[in-house]
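This report describes selected local features of one protein chain. The sequence and structure are shown first, and the discussion follows.

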Amino acid sequence: MSEERVTVGTADDGESVEMPVVQLLTGRGFVTGKSGSGKSNTASVVVEELLEAGYPVLIVDTDGEYYGLKEEYELLHAGADEECDIQVGPEHAEKVAELALEQNVPTILDVSGYLDETAADDLLRETARHLFAKEKKLKKPFLLVVEEVHEYIPEGGGMDETGRMLIKIGKRGRKHGLGIVGISQRPADVKKDFITQANWLVWHRLTWDNDTKVVGRIVGSEYGERVSDLDAGEAFLQTDWTDGDVRQVQFKRKRTFDAGATPGLDDFERPELKSVSDGLVGDLQSITEDQQRERERVAELERELAQRDRRIEQLERELDSARDVSEAARQMADALSGETPIGSAQATLPDVGMDEELERLRSENSALEAEVEELRERLDGTRNDGEGDRPRDEGVGGIEGGETTDDDAEAVGVAAEIEAASRRSLCNEAQTWAVIESLAERGSATASEVGTEVAAPFQHVWTLLLELRGCSCVEWRSDGTYTLSPVARELVLESADPLSV
């Protein structure tokens, strides 16, 4: 693959312009130009050539204009619209990344149809995060194409977690094999660090002064003056592999249906599109069905909790009433100089069984509330300020390359966290050690999996795991599993009792 090249257009001297596949797949590219200048066509040509050569890509489509690729290629079209092969949300992100990267399924992640921008943003961020995490192990050349990249990595405004994830891929993805191409109409609105560190850039026609000035600063004043005169499909191509030389190129027209073309008066006819296998869609559909079952389970638990709360209130009222009557009977007995209280008063004394039922209901409610919280967080895809995507080979506190200089002190810190969580939970020390040991031996496990191995009431296990989720030594993942940090796992496996450290 290192010698493989694809043809993308013709230079002004008539020679074919070729681009090396490995640079396209693993490098950082930037394609820009005003609307109608040909930037999306250029991106599609690059994608078509890679697909033709057998290399999958993932396209983040912000305007729903890439589905025309399915006219000739079998791609998974995932998004919010009914026209997509499958409707997906953030909970599908890991599976989408797995299909694209591990199963070589070219994918269009269509975020144009989401009414909730947060859902679209979460889907992109989580998909990119899983791509980056998987590439650290696979190190397989793969390209992420992002339309309207200025929306995620703006030059002026603040950048959210999604933008930081894309910047992270741009800076560190190449050494793992993950490349990225950003596409935008307005280079002046894109973070300059992204543009200046790109190893291939395509400049189509630009007319706004702020944009042409960017061309002048990065490419040269001559090109800043000429970029506004380029015809549709023409562009200045600047690449690292030609020592930064700039060539004027007429890019080819894409072969597949142009879904992004401006509508005209001619009749619109949607082309016949290739379909993906039912198996691929089925994998993603099962995630949707699982989530629906979880929603139904939450609703069921909430109804049960409401019923139990009403029963608790009723019992508490009855107990209060009985105690009031009991106190009145005692006072009457005292007033009668020791005579036995009336029988009706004795009959209303508190029933010990009522206290026991109250205690049982409260205990069961604690377990139900814990399960509801767990399911809600899984449905919402909540994370602790993005800590879930922090690479485990980075140092303590997320500082890249940082290493502890005092292993004993770190071990004591881990043990202290576990002990503190144990005190706040219903577990005793022995039960806590059993839960931690189970997590260490299994690598990762759900609460139910841990509960089947530990000789402790399930609600006790639940309370401990909920407390541990607030510790740095335990990570709770979006799939509902818990895992120990490497330091904590090593401490547990090497020690007879980590709480004794």
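Leaving aside its neighbours within four places in sequence, with which residues is Glu-467 in contact? In this predicted model, the residues in contact with Glu-467 on that basis are Ala-421, Arg-424 and Ser-425. Glu-467 belongs to helix α15, which spans residues 458-468. The side chain of Glu-467 is joined to that of Arg-424 by a polar contact of 2.7 Å. Ser-422 lies 45 residues away from Glu-467 along the chain, yet their C-alpha atoms are separated by 7.8 Å. With a relative accessible area of 25%, Glu-467 is partly exposed.

Thr-26 is a residue of helix α1, residues 21-26. Its relative accessibility is 10%, so Thr-26 counts as buried, the cut-off being under 20%. The side chain of Thr-26 reaches the backbone oxygen of Val-22 at 2.6 Å. Beyond the neighbours within four places in sequence, Thr-26 is in contact with Pro-141, Arg-174, Gly-177, Leu-178 and Gly-179.

The separations given for these two residues are set out below.

| Atoms or groups | Separation |
|---|---|
| Glu-467 side chain and Arg-424 side chain | 2.7 Å |
| Thr-26 side chain and Val-22 backbone oxygen | 2.6 Å |
| Glu-467 C-alpha and Ser-422 C-alpha | 7.8 Å |

Burial is also a feature of helix α3, residues 93-102. Seven of its ten residues are buried, so α3 is largely enclosed by the rest of the structure. The buried residues are Ala-93, Lys-95, Val-96, Ala-97, Leu-99, Ala-100 and Leu-101. After α3 comes Asn-104, which has a positive phi near 60 degrees.

The remaining topic is a pair of helices. Two packed helices are described by the angle between their axes and the distance between the axes. For α4 (residues 117-138) and α5 (residues 161-172), the axes come within 9 Å and cross at roughly 25 degrees. Because angles under 35 degrees count as roughly parallel, α4 is roughly parallel to α5. The crossing in which α4 passes α5 is left-handed. On the α4 side, the contact is made by Asp-121, Leu-124, Arg-125, Ala-128, Arg-129 and Phe-132. On the α5 side, Glu-161, Thr-162, Met-165, Leu-166, Lys-168, Ile-169 and Arg-172 take part. By residue type, the contact of α4 with α5 comprises six nonpolar, one polar and six charged residues.

Conventions
Residues are numbered from 1 along each chain as its sequence is written. This is a predicted model: local features need pLDDT of at least 70, side-chain atom pairs count only at pLDDT 80 or more; totals for chains, interfaces and linings use all residues. Side-chain values use heavy atoms; hydrogens and water are left out. Axes are lines fitted to C-alpha atoms, for helices over the stretch in contact, and angles run from 0 to 180 degrees between N-to-C directions. Helices (H or I, at least four residues) and strands (E, at least two) are DSSP runs, numbered from the N terminus. Angles under 35 degrees count as roughly parallel, over 145 as roughly antiparallel, 65 to 115 as roughly perpendicular and the rest as oblique. A crossing is left-handed if the near helix is turned anticlockwise from the far one by less than a right angle, and right-handed if clockwise. Contact means heavy atoms within 4.5 Å. Ala, Val, Leu, Ile, Met, Phe, Trp, Tyr, Cys and Pro count as nonpolar, Asp, Glu, Lys and Arg as charged, and the others, Gly among them, as polar. Buried means under 20% relative accessible area, exposed over 50%, partly exposed in between (1.4 Å probe, protein chains only). A polar contact is a pair of N or O atoms within 3.5 Å; within protein, one must be able to donate a hydrogen and the other to accept it, and residues adjacent in sequence count only if both atoms are side-chain atoms.
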